[in-house]
Amino acid sequence: MTTTELLSQRQDTHGDFNEVARIAQQFRKMMRVEFGWEHMNDAQREALDSMASKFGRIASGDPNFRDHWDDIAGYATLASLHCDSGTDTITRDIATVVEKIQIGPLDTEGEERFPSIVTMPKVEKKKGFFSSNKNETDNVQTEGEVG
């Protein structure tokens, strides 16, 4: 596919680039003058900048192109991971969750016991771009297996 063909194809879903840029820049200008901008960390600002591009694509291109919405959710998640994420806060949050699901006395080895409904989900590792092993999923533990 040539660059011209790719740009033509993307214009259907992403909209006209000049229009996307105009809309995205309006969002960026609006955000930068607000009180909260100065109190954000770099990750939060970058997430909002990236979302602004997606807002431009949604407004200018195909609003039903799911990838735009999924990307916004991804950027919001990344920014959320950088909210008040000091070690004390993370430790406190983990302790709170563990306390809510913890039941039963200590076992003989001094470890907490948890309800049987709390199990690790089955995870299938996807082959990454830089992976050299063709069967990476062969070595992934599944529920109930011990490594």
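In the predicted model, Asp 49 and Arg 28 form a salt bridge whose closest N and O atoms are 3.6 Å apart; a salt bridge is defined here as a side-chain nitrogen of Lys or Arg within 4 Å of a carboxyl oxygen of Asp or Glu. Helices (H or I, at least four residues) and strands (E, at least two) are DSSP runs, numbered from the N terminus. Both Asp 49 and Arg 28 are buried, where buried means under 20% relative accessible area, exposed over 50%, and partly exposed in between (1.4 Å probe, protein chains only).

Residues are numbered from 1 along each chain as its sequence is written. As the model is predicted, local features need pLDDT of at least 70 and side-chain atom pairs count only at pLDDT 80 or more, while totals for chains, interfaces and linings use all residues; side-chain values use heavy atoms, with hydrogens and water left out.

Asp 49 also forms a salt bridge with Arg 32, in which the closest N and O atoms are separated by 2.9 Å. This second pair again links distant parts of the chain, from Asp 49 in helix H3 to Arg 32 in helix H2, 17 residues apart. Asp 49 counts as buried because its relative accessibility is 13%, whereas Arg 32, with a relative accessible area of 36%, is partly exposed.

A further salt bridge joins the side chains of Asp 71 and Lys 54, at 2.5 Å from N to O. Here too, distant parts of the chain are linked: Asp 71 belongs to helix H4 (residues 66-80) and Lys 54 to helix H3, 17 residues apart. Asp 71 is partly exposed, its relative accessible area being 22%, while Lys 54 is buried at 6%. In total, the structure holds 5 salt bridges.

Aromatic contacts were also examined. Rings of Phe, Tyr and Trp (its six-membered ring) pair if their centres lie within 6.5 Å; planes under 30 degrees apart count as stacked, over 60 as edge-to-face and the rest as tilted. By this rule there is 1 aromatic pair. The ring centres of Phe 27 and Phe 55 lie 4.8 Å apart with planes at 45 degrees, so the pair is tilted. Phe 27 in helix H2 and Phe 55 in helix H3 are 28 residues apart, and the pair thus links distant parts of the chain. Phe 27 is partly exposed at 28% relative accessibility, as is Phe 55 at 26%.

Helix H4 has 15 residues and reaches 21 Å from its first C-alpha to its last, close to the expected 21 Å; the expected span is 1.5 Å times one less than the number of residues. Within H4, His 68, Ile 72 and Ala 79 are buried. These residues lie on the same side of H4, because they cover an arc of only 40 degrees around the axis, the arc being that of the directions from the helix axis to the C-beta atoms. The buried residues of H4 pack against helix H1 (3-14) and H3, contact meaning heavy atoms within 4.5 Å.

Helix H1 contains Gln 11, which is partly exposed with a relative accessible area of 42%. The C-alpha atoms of Gln 11 and Asp 62 are separated by 9.0 Å, although the two residues are 51 residues apart along the chain.
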